[in-house]
Amino acid sequence: MNRIQELFKLKTRNILNVYCTAGYPQLNSTLPVMKALQDSGVDMIELGMPYSDPLADGPVIQASSTKALANGMTIATLFEQLRGFRQQIHVPVILMGYMNPVLQYGFEKFCQHAADVPVDGLILPDLPEYEYENEYGAIIQRYGLKFIFLVTPETSEERIRRLDSLSTGFLYAVSSSSTTGKDKDMNAVNNYLQKLKKMQLKNPVLVGFGIKDKPTFQQACEHANGAIIGTAFIKALENTPDMEGAVKKFISDIKS
Amino acid sequence: MTNTTTYQQPNEQGYYGKFGGAYIPEMLHRNVEELRSKYLDIIYDPAFQQEFRMLLRDYAGRPTPLYHAQRLSQQYGTQIYLKREDLCHTGAHKVNNTIGQILLAQRLGKKRIIAETGAGQHGVATATVCALKGVECIVYMGEKDIERQAPNVARMKMLGATVIPATSGSKTLKDATNEAIRDWINNPVDTHYIIGSVVGPHPYPDMVARFQSVISEEIRWQLKEKTGSELPTHVLACVGGGSNAAGAFYHFLEEPTVQLVAVEAAGHGVHSGLSAATTQLGKPGVLHGSKSLVMQTEDGQVVEPHSISAGLDYPGIGPLHAHLFDSGRGAFLSATDEEALQAAFNLAKQEGIIPALESSHALASLEYLNPLKAKRSEAPIPANAMITKDSVVVVCLSGRGDKDMATYMKAMDMK
């Protein structure tokens, strides 16, 4: 069974998924950061593959991508770093990135290598459902990878159902229509999450965008299975001399 | 709409051959879908057409002349006609599209307009129509371009627009486009994004091409008046994203006797490392919401192009043009910074017209297409694209050169 499914079987509430950028803050930080996250008790890791033009991300995550690229991070290097990583990392890992670098790497080769290391799922925000169904979904499924679609408060109910039916790991509920790293009106977020909950979707729902600390995490978890933290975590890694300490403190502040 | 593609008409998913589509994050879906489902009904509504045509005529100054450039014709031993988009209000063809899109935005009930700009021409054209309609206007512009294009920044501000510097990535046009898209993601209800070229997710490439198609619509009847035939043998236009080329080619796309010649910016030379010749250097990829040819590293990171002309300084190309290149329907040439400068000075002296640096690239390609001059092109030129004394060549003079005077003055100083 896929690690994502196993996780949701064992745990359906307060799932903490943390985003980190591969190759940030240093080229070889990828595994140590993931290890520190796992040791601090996160349930799942979303590993960002840096891209020059990350449309769905805000300035903090883009800056981490720019730094990672300057550090020399590439998809090929990432797969090198991930070789044998399952000896250390047991939590589900989802690769998040944009279509262009994946297409250059070769879409099928990418899926094959992702399944080989192995990671558990993919988030490609600029792969729309039409292209997924028409061409890419079959390749992703052939290699046993889960694929996670995003929904937003602007997504119609009919479309939420459709994206839920296509999603295979969980459904990523963007808390409001925005890029990552913006503060949100949590009341509006609550109403939206309640609506999702009432729809009794096939997939578990994790909430992302605007989740930055204990109160926002807890609030998101009231109506969803868990939440994803990105920007706030990347900020916590900025200019810290003690990465492990920073990770431990950040996660324990949220889980305490 | 059908699911077969013609050169003019992408399929229902916005594909021209292998290129196009809508590779957008879910956060943009509602806005793009709203546009996709409504744009054709809105723009072919008679009331829309009436207002659009009225503004093109009375406000933008259309039709722009088709001018038989006699001395230039003599110089190249053929018949050359200049489509004078430089005489449009704001000094370039960009206003054709912004007039169309502001009318569309109003009919969609949008209260706030955003745009990206490189050299500032599209920013000025957007700020202009927003002033005309009393709508809030925010223009994203790379921090580096703001420094390089001060007069256009001042024009936008005088027209009431807010100019926001794009400080991410390479701080130029592609990053300004990213920031505009992010703004749209963050303002999903009241905002319309006026993209300035035939790029972006479907339906933008098709919509912008339709608004710019007035250029070739006019060329046809103007040429008929002058020569008795609606069809030239050649249409030449510069290509960055490709909006003036799309407009100049549009009504000739399905006329196989008309040679369509697109001229990209070679910068210091196609293989110099400082170039913007996307069809020569790019590979298929996804940029700003569509699949097209993209200049990128082996790892799929988008690279920063170079051209002396800020309007051609873009690492992608519209999907229509990628398809024209891929299918062989269009001949794609390139001209270097130096060749464009020479062509600009030549037109000034021969015809008394100071062209924009962008348009000068199209003029520079005359050197390659003329068998008497026989300048060797870095890209192979199909034999039937060459011009003869019997050719009727229309060059789209997309903009005027006032904005480029600093560059021209520097070139004069160096002589």
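I count two strands as paired if DSSP finds at least two bridges between them. Helices (H or I, at least four residues) and strands (E, at least two) are DSSP runs, numbered from the N terminus. This is a predicted model, where local features need pLDDT of at least 70, side-chain atom pairs count only at pLDDT 80 or more, and totals for chains, interfaces and linings use all residues. Residues are numbered from 1 along each chain as its sequence is written, and chains are lettered from A in the order in which they are written.

Chain A, the sheet. I looked up strand 3 (residues 93-96) and strand 4 (residues 121-123) of chain A: they run parallel and three bridges join them. Met96(A) has Ile123(A), in strand 4, as its bridge partner.

I then traced the whole open sheet of chain A: nine strands in the order 5-4-3-2-1-9-8-7-6, with parallel pairing. Strand 5 (146-147) and strand 6 (150-151) of chain A stand at the edges with a single partner strand each, so one side of each has no neighbour in the sheet.

Chain B, overall. I noted 17 helices and 14 strands in chain B. Its C-alpha atoms fill a box of roughly 55 × 45 × 40 Å along the principal axes. For burial I used under 20% relative accessible area (1.4 Å probe, protein chains only), and 64% of the 415 residues in chain B come out buried.

Contact means heavy atoms within 4.5 Å. Of the contacts in chain B between residues at least 6 apart in sequence, 72% join residues at least 24 apart.

Notes: Heavy atoms only, no water. Buried < 20%, exposed > 50% of the residue type's maximum accessible area, 1.4 Å probe, protein only.
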